[in-house]
Amino acid sequence: MENKNLKLQQMYTEAVQNQQKGNSAVAEDLYKKILKELPNHVNTQGNLGALYAQIGRDAEAKVLLQNVLKIEPYNINANSNLGIVFTHLS
């Protein structure tokens, strides 16, 4: 189990690095793989939601960011990104 968690942590780090470099497709793929193993991982959902907002996939971003806020209602990043999504959708 510890090996699996280490692998997921490494995938998460790689996903974040790719998102920061603008490699959206690679980051998205890694985030999705993580969420298959850990469906309620808040940071992964939040980052994937932010990524979707950045590339104009607002409906998908909204769902992910709202999921984050169900778990962590005061998550500032999710609230901020959700505000951006609502601006795009209006």
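These numbered points describe the helices, core and salt bridges of a predicted model.

1. Start with helix 1. It covers residues 2-21, 20 residues in all. From first C-alpha to last it reaches 29 Å, close to the 28 Å expected at 1.5 Å a residue. Just after helix 1 comes Gly22, with a positive phi of about 90°.

2. Which residues of helix 1 are buried? They are Leu8, Met11, Tyr12, Ala15, Asn18 and Gln19. Seen down the axis of helix 1, the buried residues fall within an arc of 130°, so they line one face. An α-helix has 3.6 residues a turn, so residues three or four places apart point the same way.

3. What does the buried side of helix 1 pack against? Its buried residues meet helix 2 (24-37) and helix 3 (42-54). The face turned away from that side carries exposed residues: Glu2, Asn3, Gln20 and Lys21.

4. Now the core. The largest nonpolar core has 22 residues. Those with the most contacts inside it are Tyr31, Leu48, Leu51, Tyr52, Ala61 and Leu65. Helix 1, helix 2, helix 3, helix 4 (58-71) and helix 5 (76-89) each supply at least two residues of this core. In soluble globular proteins, nonpolar side chains tend to be buried together.

5. Leaving aside residues up to four places away in sequence, Leu51 touches Gln19, Ser24, Ala27, Glu28 and Tyr31. Of these, Gln19 is one of the buried residues of helix 1. Tyr31 is, with Leu51, among the core residues with the most contacts.

6. Leu38 sits in the loop between helix 2 and helix 3. Is Leu38 buried or partly exposed? Its relative accessible area is 34%, so it counts as partly exposed.

7. The structure holds 5 salt bridges. One of them joins the side chains of Glu37 and Lys4, at 2.7 Å from N to O. This pair links distant parts of the chain: Glu37 is in helix 2, Lys4 in helix 1, and they are 33 residues apart. Both are partly exposed, Glu37 at 40% relative accessibility and Lys4 at 38%.

8. Lys33 pairs with Asp29, their closest N and O atoms 3.3 Å apart. The two lie 4 residues apart, about one turn of the helix.

9. Arg57 forms a salt bridge with Glu60, with closest N and O atoms 2.7 Å apart. Salt bridges that share partners join Glu28, Lys32, Arg57 and Glu60 into one network.

Key: Residues numbered from 1 in each chain as written. Predicted model: local features only at pLDDT ≥ 70, side-chain atom pairs only at ≥ 80, totals over all residues. Heavy atoms only, no water. Expected span 1.5 Å × (residues − 1). Buried < 20%, exposed > 50% of the residue type's maximum accessible area, 1.4 Å probe, protein only. Arc of directions from axis to C-beta. Contact = heavy atoms within 4.5 Å. Core = buried A, V, L, I, M, F, W, Y, C linked by side-chain atoms within 4.5 Å. Salt bridge = Lys/Arg side-chain N within 4 Å of Asp/Glu carboxyl O.
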